[in-house]
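Subject: Structure handover

Hello,

Here is the structure you are taking over. Please open it before reading on; my notes follow.

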Amino acid sequence: MDASEFTIKFSALQRELDSAIEADQKYQRENNAKFRALDQRVGSYEEFRDIVLASHLKPLDKKDKADATRKQTWNSLACSSEEQEWKTCESLEARITDFHPKTASEFIRDWRRLEASVTEKFNILLSLGGDVLCTIFSTEIGFGLLGDFMLILNQAFQFEDYKTVAGVLQGLSRTSRFSLNLSLLSQTEEAACKELFQKLQDSRNSGVNKGDNLVDETVGEDSSADELDYLMNVYGVQADCS
């Protein structure tokens, strides 16, 4: 192994380490913010979310305030050079095609930047699939993303997407702290989740996807249980007996 080959591998390892440290710091910061919000007994989910989303912000000290006039460019329409380059140098189609984050922090960064329609974001989730999403969010789904996913999956769902969407739902359900993230869904996001499962039920009952296995046979202790009913139980959705 020559020196140049070793350097390349070391650089890749360093980037992976930096990314892991960043993701861990973000997780710890948001987790602490969640407990602070609970201690404060905030009055609404929206207030809770705002506290967590603002967890990365730090108060200005006196020096920052004194230097702000000459150092800060107060232009609300200006983007950072990185963001501007990302938006202008690549087409939307190319950004969607190249959407392959390896970590939760990379996913959150690119997802927030992505100026795409609901259908385009829906296709991104389906192209990644449940297993990849489970790997990306192995530590925890980024705050607010689970609800975002429920809204998108519900709005763009078509009967032929039955099996793939269920695979995405299964993958998300295997992530760490899934129950906590599920409990933090807003009323609108909960309604979207229930409506999505109703569409999955309708798709199954229509016979379009009859015989398809939604998830792996290893899911659940009772292998004879219906896969969709299992997922509905995991997501806390009551089956429609009508």
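Are H9 and H11 oblique or roughly antiparallel to each other? Please keep in mind that this is a predicted model.

The axes of H9 and H11 cross at roughly 140° and come within 11 Å. Angles over 145 degrees would count as roughly antiparallel, so H9 and H11 are oblique to each other. Their crossing is left-handed. On the H9 side the contact is made by Tyr162, Val165 and Leu169, which meet Leu196, Phe197, Leu200, Ser203 and Arg204 of H11. By class, the residues of this contact are six nonpolar, one polar and one charged.

H9, which spans residues 162–173, also packs against helix H12, residues 227–234. Their axes come within 11 Å, with a crossing angle of roughly 40°. That angle makes H9 oblique to H12. H9 passes H12 in a left-handed crossing. From H9, the contact takes in Tyr162, Ala166, Leu169, Gln170 and Ser173; from H12, it takes in Leu228, Leu231 and Val234. Six of the residues in the contact of H9 with H12 are nonpolar, two are polar and none is charged.

The next pair is H11 and H12. Their axes are 11 Å apart and the packing angle is about 170°. H11 and H12 are therefore roughly antiparallel to each other. In this contact, Phe197, Leu200, Gln201 and Arg204 of H11 meet Leu228, Asp229, Leu231 and Met232 of H12. The contact of H11 with H12 divides into five nonpolar residues, one polar and two charged.

Now the nonpolar cores. In soluble globular proteins, nonpolar side chains tend to be buried together. Which residues touch the most other members of the largest nonpolar core? They are Phe107, Phe197 and Tyr235, in a core of 41 residues. At least two residues of this core come from each of helix H6 (104–113), helix H7 (118–136), helix H8 (145–156), H9, helix H10 (178–183), helix H11 (187–206) and H12. Leaving aside residues up to four places away in sequence, Phe107 touches Phe99, Pro101, Leu125, Leu128, Leu133, Ile136, Phe137, Leu145 and Phe149. There is also a second, separate core of six residues, including Ala37, Ile51, Val52 and Leu184.

Between the C-alpha atoms of Glu120 and Ile152 the distance is 9.6 Å, and the two residues are 32 apart in sequence.

The other residue is Thr97, found in helix H5, residues 92–97. Thr97 has a relative accessibility of 49%. Exposed means over 50%, so Thr97 counts as partly exposed. Thr97 and Ile124 lie 27 residues apart in sequence, with 8.3 Å from C-alpha to C-alpha.

Regards

Notes: Residues numbered from 1 in each chain as written. Predicted model: local features only at pLDDT ≥ 70, side-chain atom pairs only at ≥ 80, totals over all residues. Heavy atoms only, no water. Axes fitted to C-alpha atoms, helices over the stretch in contact; angles between N-to-C directions. Helix = DSSP H or I, 4+ residues; strand = E, 2+ residues; numbered from the N terminus. Parallel < 35°, antiparallel > 145°, perpendicular 65-115°, else oblique. Left-handed = near helix turned anticlockwise from the far one by under 90°. Contact = heavy atoms within 4.5 Å. Nonpolar A, V, L, I, M, F, W, Y, C, P; charged D, E, K, R; others polar. Core = buried A, V, L, I, M, F, W, Y, C linked by side-chain atoms within 4.5 Å. Buried < 20%, exposed > 50% of the residue type's maximum accessible area, 1.4 Å probe, protein only.
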